[in-house]
Amino acid sequence: MVRVRFAPSPTGNIHIGNVRAALFNYIFAKKMKGQMILRLEDTDLERSSEESGQGIIEDLQWLGIVFDEGPHVGGPYAPYKQTQRLDLYREYALKLLESGHAEKDYTHLENETITESSSYAIRFKANQKKVIYHDLVFGEIEKEVEDFIIMKSNGIPTYHFAVVIDDHLMKISHVIRGQDHLGNTAKHVLLCEALGFKSPIYAHYSLTHGLSKRDASKSIRSLREKGFLPEAIINVAMLLGWYPKDGQEKFNIFNRLEEFDPKDFSKVNANFDEEKFNWLAGQYIREADIHKILLLAKPFLLEKGFINTSTQDDYLMGVIDVVRGNIKCVSEITDHVEYFFKEVNYQVESVREVLEKEESKTVLKSLYDKLSHEKELTAEVFQNIQKSIQKETGIKGKNLFMPIRSVLTGRLHGPEMYLVAPILGLEKCLSRINEYI
RNA sequence: GUCGCCUUCGUCUAGUGGUUAGGACACAGGGUUUUCAUCCCUGCAACAGGGGUUCAAUUCCCCUAGGCGAUGCCA
């Protein structure tokens, strides 16, 4: 049985870089029909927090990463928080002390006199031993290990110790983690040997640069609040370390589990490419189910006061569909749709300039005249009208289209007018034009 | 400092002992009856350097340089 785990320290939000630890393990569990375990490594008492742990669980759930076992759902190897497993670590540490693999360390007392009751740390005696282990991605790794602390003088285990004990006790079969642990793994292998544990199988993936922990804008929480789609984030995170063989960069990994293999992880540290992320995110917005975007967009539109609860969904979907090609996350929709909901404000200088041209008046008069003879405004009707205005007035190109765009939207940029106008509707178009003729 | 890992277009990458070294993002040009954008087409652009091994090296080996990581009573 494959059992993998995501073992974050609950000290902040997860972002698009470190979500890969959860994602890669989860994908592997899915592929192998194994189990996914969450363990909170909260032994850094200073920085760990309950809220952070909860936030991580929520963010992952939103992405579709769920756990078979963990502090929030329980499981046969509970507890799943390291601060609740302190007795366990103590027990194993004492064993190592007895077997001579470890010794007491009083260096934290500096010049104080050591007595029977003095607190002590426990140091593992690695004796410069050379360890060779196999990594699925990097192959044979050879590393000499120095002595290191396994229990702090406050009774809390260090990461290296707790991780080995827990992975063994929780029957973790594969450890998939960042290559910042490539060297540390030798320590873990040594500890396993000393404790008589079987080492899990290791796979280390490359690190990502350009994603500072301090940059909150790349946290999963923040991306979610901006209305990025979770599928896009999963896709981008996958690309940070793994590429499908056919080179297809937009993909749903859950449909391609067969292809996924940790041994194909990239060995090279990569830079996070925000441009590409934005591009991919936009692709997902364009292809998403319109109802889904509608649901996500409503809160943003309500907040801006563009709509109210009685605004028709059909109308909204039309609006969303016509502007979705210009956004990468749903929140950006509010930058593109004001004129569909509010009266147009013609104060923008460049727009006024267009409208005040003599040619523009000619175009708009003709447009008004033709529109007022129509009963129903469709894209085709609008296109035909534009053509006949051109034919009759001889005005074409920019001089033809800009006044129309300006009068109907108050902007110089936007989607094709023949798509915009039918959504606005005949009545609104006529009244806006009427203001200028 | 010591130890470990890595090094293909600007960026993310595919790939091979003999290839026109492929794709994507970005960028540039063109097209889609106007603009921004979308979409389509075209173009630009890479095997870090030096030694080997070999008939042949981007691919294998060594060295150098560079990058990253570890070296904590952080995880």
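Me: Which residues are closest to RNA strand B in this model?
Reply: Happy to start there, and keep in mind that this is a predicted model. RNA strand B is surrounded by 54 residues. The closest of them are Glu41, His108, Tyr159, Ala270 and Phe401.

Me: What is the order of the strands in the open sheet of 3 strands?
Reply: Look at who pairs with whom. S3 and S4 are antiparallel partners, joined by 4 bridges. Strand S4 (residues 121–124) is also antiparallel to S7, with 3 bridges between them. The order is therefore S3-S4-S7.

Me: Why is one side of S3 and of S7 left without a neighbour in the sheet?
Reply: Strand S3 (102–105) and strand S7 (148–151) each have a single partner strand, so one side of each has no neighbour in the sheet. As for the twist from one strand to the next, it averages 45°.

Me: Which residue in S4 stands opposite Glu103?
Reply: Two facing pairs are handy to find in the sheet. On the S7 side, Ile122 is opposite Met151 in S7. Where S3 and S4 pair in the antiparallel sense, the residue opposite Glu103 is Arg123.

Me: Are H14 and H16 oblique or roughly parallel to each other?
Reply: Two packed helices are described by the angle between their axes and the distance between the axes. For H14 and helix H16 (residues 417–424), the angle is about 120° and the axes are 8 Å apart. Angles from 65 to 115 degrees would count as roughly perpendicular and those over 145 as roughly antiparallel. H14 and H16 are therefore oblique.

Me: How many charged residues are in the contact of H14 with H16?
Reply: H14 passes H16 in a right-handed crossing. H14 brings Ala379, Phe382 and Gln383 to the contact, while H16 brings Tyr418, Leu419, Ala421 and Pro422. By class there are 6 nonpolar residues and 1 polar one, and the charged count is none.

Me: How are H13 and H17 oriented to each other?
Reply: The axes of helix H13 (residues 358–371) and helix H17 (residues 426–434) come within 10 Å. They cross at roughly 150°, and angles over 145 degrees count as roughly antiparallel. H13 and H17 are therefore roughly antiparallel.

Me: How many nonpolar residues does the contact of H13 with H17 have?
Reply: The crossing is left-handed. H13 contributes Leu364, Leu367, Tyr368 and Leu371, and H17 contributes Leu426, Cys429, Leu430, Ile433 and Asn434. With 1 polar residue and no charged ones, the nonpolar count is 8.

Me: Where is Pro79 found?
Reply: Pro79 is worth a look for its backbone. A cis peptide bond joins Ala78 to Pro79, with omega about 0°. Pro79 is in the loop between helix H2 (50–63) and helix H3 (86–99).

Me: What is the phi of Gln128?
Reply: Find Gln128 in the loop between S4 and strand S5 (130–135). This residue is not a glycine, although its phi is positive. The value is about 60°.

Definitions and conventions: Residues numbered from 1 in each chain as written. Chains lettered and ligands numbered in written order. Predicted model: local features only at pLDDT ≥ 70, side-chain atom pairs only at ≥ 80, totals over all residues. Pairing = 2+ DSSP bridges. Axes fitted to C-alpha atoms, helices over the stretch in contact; angles between N-to-C directions. Near = placed C-beta within 6 Å. Parallel < 35°, antiparallel > 145°, perpendicular 65-115°, else oblique. Left-handed = near helix turned anticlockwise from the far one by under 90°. Contact = placed C-beta atoms within 7 Å. Nonpolar A, V, L, I, M, F, W, Y, C, P; charged D, E, K, R; others polar.
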